[in-house]
Amino acid sequence: MRAWVEELYGQHVNELVESVEFRALSDGSASRDEYDEFIARVFETHQNSPHFLGFLFSIASPDSVEHLQHNLLEELGIEEEDGESHPALMEKLVEGAGLQGRVESLRARARARLDEQVQQPILYGSLREIGLSALVEIVSFEFMLSRVSTRVAQFLGTHRGISEGNLVWFTHHSEVDIEHAEEGLDAIADFITYYGFEDEEAKDIIHSTFRENVFIKRYFGVAAAARSRGMNS
Amino acid sequence: MRVVRADISPLNVPFVEGFAHATKERRFSDTIVVRVETDDGTVGWGEGIPRPYVSGETVAGTVGHLEEVLWPRVKGQEIREDGSHVVLQEVDQLLGGSTPTDEERESGVIAHHSARAAMEIALVDCALQKGGVSLASILGGAGHPSVYSGVLTQADPEKTRGIARRFARFGLQEFKIKVSGPETLECIAAAREELGPDASLRLDANGVWSLEEALEFLTAADEYDILSCEEPLGRERMGDLPELTERSPIPIMLDESLVSLQDALWAISSRACDHFNIRVSKCGGIGRTLAFMRIASSSGMGFQIGSHVGETSILSAAARHVAFSTPEVRHLEGSYGTLLMADDVVSSSVRFGNGGRAPLLKGPGLGIQVEPDRVEQWSTGTVKLS
C-alpha cells in the first residue's frame, strides 16, 4: 500500500508541475496578478493546517502519535524555543509580496472553507474512514512540497522578487518535508494496519479522495483543476 | 412586493469526472440559474436544466424564452409576501402555459419546462424568503424523508464494479445503472455481484432500444433482481410502451417520454408503464411536479423524484422539499453536489451524507444560501433584465 500511495502522489505531483499554470509561474511568463493569486491561494490552503493536524493527532494510530505530535508542535511553532508557527511563516510570504492588506480577507476565506468542510454531510460511516481520507490528503501536501517547494521558492524569488527571508515557509518545507513525507507514508501504512482496512477498502477511500488533483485545485482553483482533466469542454 | 429585476445565468460547471449514459457523455453541467429581485430587495433563486433529448429545449432557446416570454409576464407583477401556501398557485397562474409555438414545435421543442421551472422556483423562493417560511412547510411539513440513490455512469464491467463498490462505502443501498447495448448486461452482473443481494437496482436505458431489443435485454436482465427499467424506448416509440409494459418481466418507468401532464394521462390510460420518474425541471416547476405526483398517486402509479445530471444545489433543494412532502416517493435521486460537480453555487452543500440520508432544509424559501460570486464565476454570460 505504501508504494501504491507513493506512486499515486507522484502522478499528482507530475500533473501539478506539468499544468499550464505552474509552468507559467516557473518560466516567468505568468502575470504579476497570477503570482499574487498563487501566493494568496497557498496562504489560504495552509492556514487551516494546524486544525487538520490536530484532528489527525486525535485519531492517530499508536505508532504514529509521536510523528504527528512533532508535526503539530512544529506547525504551531512551539517545538523549539525560537520556533515560528507555519501560519506566521505564511504571513511573511504574503508580506513579502506586499499583499498584507489581503491577510484578513484570506483568513476569512480559509475560515469559510473550513466551516464549509465541517458542515458538509459526512459520506462515510465512521471517523476511521474520514481519518484515512484526511490523512492521505494532508500527507500528499507534505509529499508534494518536499518535491516542489525549492522550485516554487526559486520562481517566486526570481520572477516575483520576493526576498529569501520571506520565502522561509517554502525553504523550510524543502528541507524538512522529505523526512516528513517519508514519515507520513509510514503513518498512512500504520493507520491502515491499526484500523484493520483491507487493501481494497483503503484504495477505494484514497481513490475517492484523489478524484481531482487537489494540488491544482487548491493552488490554482477549481477551474484549473477541471482544465487539467479536460472537464471544461 | 413587485418583481423588478431578473438575472438569467447559463452555467458551465465542470464535473469532477465524466458522466455517461446511452446517448451522451457529459464533462460539465449545462444549467440555467435565475435570480429574481423585488422592489424591496428580496431575492429568490431558481434553476432549470434544458435538455434537447428530454423537453426539446436548448440552453440558448431557454434563455430566449425566459427573456422574451416569461419575463414580460412577470415584470412589475405583485407577489405575495405573507408566506401563504397559495403562492404556488399564484405563481403558476402568473407564468401561464409553456406550450411551444408551431415553429418551436417543428424544431423539436416539446415544452418550455426548464425555463418555466427556473422562473417559478425563483419566484416561490423569493416570496417565501420574504414571508420567512420554508418551502417544506407550505408543502405540508415535509416529514417523509427518503434516502438518495447512487447513479452509476455507463462504463465497462470492471469500472462499474469499482464505482458501485465506492458508492456502497458511502452506505448507499439503492442504485440506478445506465445501460444500453447487450454488453451492458455484464455491468449489471458486476454491480449485483459487488453490491450483494440486499441492494436495490434499477436500470436506465435513456430511450435507445426498440421494442424487440428492450424485451430481449430485460428478459436477460431479470435474473439480477431489477426493480424497474427507466425509459426503454424513447418518445418516438411511445406507441410500443403498452405492449412492452405488458410483456416485460421488469416493471417499466417513464422519464423522457413523460414531460407533459398529457403524457402522464396517456401513460395511465394506455397502461404504458408501471412507474413515473418525476423531475422538477423536466415537469415545469414545483407546482407542476406536485400535479404529476397527484395524478400518479390517484391512479396507483408508483413514482420517484429524479434529478438532472449537473443540477446545482438550487434544483436539488427544490426537489428535496417536494420529495419529503409525501411517503409515496419510491426512490429519490440527485443532491450529488460536489460528488459530481467540481463546484456548487451555495455556501452550505445540500449533498446527501452516509446512507444517502439528507436533512430537511428548514430555512426560508429553498433553505439554501446561494453565493452570487460562484454563480458569476461559472456563468457563460448573464442576461440582466429590469
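**View 1. Strands E2 and E3 of chain B, side by side.** E2(B) and E3(B) run antiparallel and are joined by 6 bridges. Here strands are DSSP runs of E with at least two residues and helices are runs of H or I with at least four, numbered from the N terminus; two strands pair if DSSP finds at least two bridges between them. Look for Ile32(B), which stands opposite Gly48(B) in E3(B). The hairpin of these two strands has 4 residues between them, and there Gly41(B) takes a positive phi near 90 degrees.

A quick word on what you're looking at: this is a predicted model, where local features need pLDDT of at least 70 and side-chain atom pairs count only at pLDDT 80 or more, while totals for chains, interfaces and linings use all residues. Residues are numbered from 1 along each chain as its sequence is written, and chains are lettered from A and ligands numbered from 1 in the order in which they are written.

**View 2. The E1 and E2 hairpin of chain B.** Strands E1(B) and E2(B) form a hairpin with 2 residues between them. Their pairing is antiparallel and covers 14 bridges. To pick out one bridge, find Ile8(B), whose partner in E2(B) is Val34(B).

**View 3. Chain B as a whole.** Step back and you'll find 14 helices and 12 strands in chain B. Its C-alpha atoms fill a box of roughly 60 × 45 × 35 Å along the principal axes. A compact globule of 386 residues would have a radius of gyration near 21 Å, and the 20 Å of chain B agrees with that; the radius is taken over C-alpha atoms, and the globule rule is 2.2 Å times the number of residues to the power 0.38.

View 4. Domain 1 takes in 3-133 + 371-385 and domain 2 takes in 150-356 of chain B, with bounds from an automatic or database domain assignment. The C-alpha centres of the two domains lie 23 Å apart. Their contact takes 38 residues from domain 1 of chain B and 34 residues from domain 2 of chain B; residues are in contact if their C-beta atoms, placed from the backbone, lie within 7 Å. Among the elements giving two or more residues to the domain 1 side are strand E1 (3-21), strand E2 (24-38) and helix H4 (113-131) of chain B.

**View 5. Glu212 of chain B.** Glu212(B) sits in helix H8 (residues 211-221) of chain B. Glu212(B) is exposed, because 10 other C-beta atoms lie within 10 Å. Glu212(B) and Leu244(B) are 32 residues apart in sequence, and 8.8 Å apart in space, C-alpha to C-alpha.

Methods
Two residues are in contact if their C-beta atoms, placed from the backbone, lie within 7 Å. A residue is buried if 20 or more other C-beta atoms lie within 10 Å of its own, exposed if 12 or fewer, and partly exposed in between; C-beta atoms are placed from the backbone.
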